[in-house]
Amino acid sequence: MCPGSFDPVTNGHLDIVGRASRLFDEVIVGVLINQSKTGLFTVDERIDMLREVTRSYDNVRVESFRGLLVDFCHAQRASVLIKGLRAVSDFDYELQMAQMNIGLAGVETLFMPTNPLYSFLSSSLVKDVAKWGGDISAHVPEVVRSALLARLDPPSRP
Ligand code: PNS
């Protein structure tokens with residue numbers, strides 16, 4: 001299980017999903033439905049983009065979930081969570097979540113070091129750079145770049 005908000009998916013996420021797909025028979029990308037946080041993209045839009053950019057991986061499927069991640073893992077019969085670590089700063093929170101998830105339901109977490117090419121990447125940074133007209137073409141797939149440009153308010157871009 002590769003869980004996240006994916007608002008939107010970046011090349012950093014894709015790197016982790018692609019590498020996980022080579023290690024496991026089946027990979028589920030779990031998109032969190034978070035009612036207390038409105039994203040730039042709806043969950044359906046995020047899922048459409050994720051399905052498009054993972055189409056070449058036969059063993060990857062994209063699903064949404066609400067509530068506890070471990071419950072979703074059980075419902076999907078997924079026993080391992082894969083999390084990318086970009087830097088040591090990710091580790092504290094990820095460790096807390098991993099320990100909570102194994103304690104709650106015995107779901108294991110495996111950490112995968114992010115490709116250094118993407119170690120500074122996040123969905124929030126990409127959205128901010130795109131909003132102000134910066135070039136994000138190296139950071140997200142083309143379908144995501146066009147969706148971002150279409151969604152962001154044109155007057156805020158130079
Ligand atoms: O991409 P994100 O927003 O960093 O992903 C965070 C995510 C979805 C992995 C995390 O918020 C999560 O697992 N949420 C589901 C609710 C839950 O299970 N919370 C307890 C986590 S220990």
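How do the axes of helix α2 and helix α6 cross? They come within 9 Å and cross at roughly 155 degrees (axes are lines fitted to C-alpha atoms over the stretch in contact, with angles from 0 to 180 degrees between N-to-C directions). That makes α2 roughly antiparallel to α6, a label for angles over 145 degrees.

This is a predicted model, where local features need pLDDT of at least 70 and side-chain atom pairs 80 or more, while totals for chains, interfaces and linings use all residues. Residues are numbered from 1 along each chain as its sequence is written.

**Helix pair**
- M49, E52 and V53 in α2 meet V143, V144 and A147 in α6 (contact: C-beta atoms, placed from the backbone, within 7 Å).
- The residues of this contact split into 5 nonpolar, no polar and 1 charged (Ala, Val, Leu, Ile, Met, Phe, Trp, Tyr, Cys and Pro are nonpolar, Asp, Glu, Lys and Arg charged, the others polar).

**Around the ligand**
- The shell consists of P3, G4, S5, L32, L68, L69, M97, M100 and N101 (C-beta within 6 Å of the molecule).
- α4 (88–105) and β1 (2–4) each supply at least two shell residues, and α4 gives the most, with 3 (helices are DSSP runs of H or I, at least four residues, and strands of E, at least two).

**Annotated residues**
- The unreviewed UniProt entry marks S5, K37, L69 and K83 as "binding site"; such annotations may be inferred rather than shown by experiment.
- L69, in helix α3, is buried, with 21 C-beta neighbours inside 10 Å (buried means 20 or more), and touches P3, G30 and N101, leaving out residues up to four places away in sequence.

How values were computed
Angles under 35 degrees count as roughly parallel, over 145 as roughly antiparallel, 65 to 115 as roughly perpendicular and the rest as oblique. Two residues are in contact if their C-beta atoms, placed from the backbone, lie within 7 Å. A residue is buried if 20 or more other C-beta atoms lie within 10 Å of its own, exposed if 12 or fewer, and partly exposed in between; C-beta atoms are placed from the backbone.
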